[in-house]
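Visitor: I would like to learn how features of a protein model are read, one at a time. Could we begin with burial and then go on to links, contacts and pockets?

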Amino acid sequence: MIWEYVQKMLAVAGLSLVLLASLGLKPLSAAGNAEISSSCWKSAGLSDDLATLAVSPERWICADHAYSIKGDRVLLRFEIEASDVLPQYLFSRRSALAAVHLLAIDRDGSIHQASLSSSELLSALSGGYFKAALPRLTSDTRQIVVAFDLPSHTMTLENARIGPSDLPIDISRTRSFLLLAALAGMLSMPLIFNAAFYRVLREPFVLWHTALAVCLLLTILVSSGLAVVIFDPPAMTLSWMTTIIFGLTIASGAMFTRSFIEPGLLRPLLRNALLYCAGWALFLSTFHAAFPFVARPIQSTLYTAAFAPVLVVFVLSLADALRRGSRAAGFQAIGYIPMMFTGLVRLVTGVVPWLQSHDAMLLFYVGCVCEVLFTTLGLADRFMSIRRQRDHARFEADMLERLSERDPLTGLLNRRAIDEKFETMRAEGYCTLAVLDLDHFKAVNDIHGHVVGDDVLRATAKALQADEDVQAFRLGGEEFVLLVRGGDAEARADRRRQAISSIVANAVPGLSSPVTASMGVAFAPPGAAVEFSTLYEQADKLLYDAKRAGRNRTKAALVEGAARKVKTPSGHREPVPARKGEPAQKLRW
């Protein structure tokens, strides 16, 4: 069943990669042929008059698009040519900000203005973008000026565009949504897979991988147009959700790595460092989402740079585990390579001032495919490895338990086994107990030695062969016990006693005299409440009666209070009431 899940995920992963290739590796952006980029920008204060700033030719920077958010307000200017299709919306990347002001300037200098707070901004169909409706435009409109109050990230400025409409649901967009839906479906499959795992393997790494899969699934939903199609939340809601989910993704990935790598194959320092990385990622994302304006001009840069140690710890942990021979780290390293490159691209472009920030979402989607594919294979491999270890440990435990119940010399069950199984065997119909002792066994040891004596004991065990109705035990020395069931239990026990002489003679040649045995047999009816010690004591007394009577014979009786049988001259057995305080006896030659 495990490999059926794996095969299904391989198929979905392969389909997802094909869909990615069919998109020509083009990012899902808001750019379109009819959209217009900004031509100039300037910084200002919140108290400055917007209309005056918009029409004033001073302080506009048109040659250099290295945007800065050091000012409290940043203005972008968009030039509209006569041949351009009149735009209707502003599009830009989501990030925390206070408000957006939109000014349409006509050729005659008249201005049409609209202002939106951050909570009023809508999400665009293009993943990660927001949109804002422009004020009324006419054929005389020549410029659009957009002012961002307290922007927290330069991506909002770098990706600002104006266009005629939100992205249409055409064939290309439908194909993109199909890809995202396939990715979401693929990330849902490990949840079923892990649930099946956890039922039989209650390991923490299964739960952490489930948490990681959920976080990746949520990331795809909130960073793509799927969230807009499904429940259309406000843009800033998706912005802080993206930040929180990113922190949860890093934290669950760190905890998964920490618990997934086999014990002893990762330095304790690095294993503990992964725990701190998880806590650090949660703190950073929560703080940045809750307080985006504390150190606004540099906060996004510091926030991005603060994840550099986490990336370093991930790389060092996998490298150390691989060096120590970890199979889990091998699967994880392959699955995490695209994710690590995604993190590296975001880190470098988010920290280096002259580079435009890039979130590498397409690489992230490829990383989701690889993470689910290879990490799930690693989970399956680890599952099989742990199951083999547990099966081996269980087998060894069973073997030790069986050995503890077996006599090492003869292989018969021992006293511990009969103590543990007596009640169960009584319930299964083993109502006859025979105690057997070899006659003059000390003489065998004294004349021939203990090695020959051990051979005699092993041959005796062979004569007392167990079957489905007879269980043989060695209590110690030359003393044996049989538990027998069936109507002819006493006769079958006695036949085994009589077989000892011939079997020992064949197995151990050269003995000075035949080896015989004496036996006492006690029977308790199935419904009688008899303990092993009681039944054994009575059979043992009968055994010594047989020895006193000349050895090489069997004496049998029913337990006290039950009807007994004696052999009559005609050879038939008749029930005779047992005398109180004295077991009935029957001599067998």
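Guide: A residue counts as buried when its relative accessible area is under 20%, and as exposed when that area is over 50%, with partly exposed in between. The model here is a predicted one, and in this model cysteine 277, at 7% relative accessibility, counts as buried because that value is under 20%.

Visitor: Is cysteine 215 buried or exposed?

Guide: Cysteine 215 counts as buried, with a relative accessibility of 9%.

Visitor: How many disulfides does the structure hold, and which cysteines form a disulfide?

Guide: A disulfide is assigned when two cysteine sulfur atoms lie within 2.5 Å. The structure holds one disulfide, formed by cysteine 40 and cysteine 62, whose sulfur atoms are 1.8 Å apart. Cysteine 40 lies in strand E2 (residues 40–44) and cysteine 62 in the loop between helix H2 (50–55) and strand E3 (73–79), so the link ties together parts that are 22 residues apart in sequence. The link of cysteine 40 and cysteine 62 is right-handed, with 105° about the S-S bond. As for accessibility, cysteine 40 is buried at 3%, whereas cysteine 62 is partly exposed at 39%.

Visitor: Where is the place of aspartate 439, and which residues does aspartate 439 touch, not counting those up to four places away in sequence?

Guide: Aspartate 439 sits in the loop between strand E11 (432–438) and helix H14 (441–448), and with 6% relative accessibility this aspartate counts as buried. Not counting residues up to four places away in sequence, aspartate 439 touches Thr516, Ala517, Ser518, Lys547, Arg551 and Asn552. With one of these, lysine 547, the side chain of aspartate 439 makes a polar contact of 3.1 Å.

Visitor: What volume does the second largest pocket have?

Guide: The second largest pocket has a volume of about 510 Å³. Of its 23 lining residues, Tyr67, Thr154, Glu158, Val352 and Pro353 are the closest to its centre. The largest share of this lining, four residues, comes from H9, and by class the lining has 10 nonpolar, 11 polar and two charged residues.

Terms used
Residues are numbered from 1 along each chain as its sequence is written. This is a predicted model: local features need pLDDT of at least 70, side-chain atom pairs count only at pLDDT 80 or more; totals for chains, interfaces and linings use all residues. Side-chain values use heavy atoms; hydrogens and water are left out. Helices (H or I, at least four residues) and strands (E, at least two) are DSSP runs, numbered from the N terminus. Buried means under 20% relative accessible area, exposed over 50%, partly exposed in between (1.4 Å probe, protein chains only). A polar contact is a pair of N or O atoms within 3.5 Å; within protein, one must be able to donate a hydrogen and the other to accept it, and residues adjacent in sequence count only if both atoms are side-chain atoms. Contact means heavy atoms within 4.5 Å. On a 1 Å grid over the protein atoms alone, a cavity is a set of points where a 1.4 Å probe fits but cannot get out, and a pocket is an open set with protein on both sides within 12 Å along at least five of seven lines; lining residues have an atom within 4 Å of a point. Grid points are joined across faces, edges and corners, and a volume is the space filled by probe spheres set on the points. Ala, Val, Leu, Ile, Met, Phe, Trp, Tyr, Cys and Pro count as nonpolar, Asp, Glu, Lys and Arg as charged, and the others, Gly among them, as polar.
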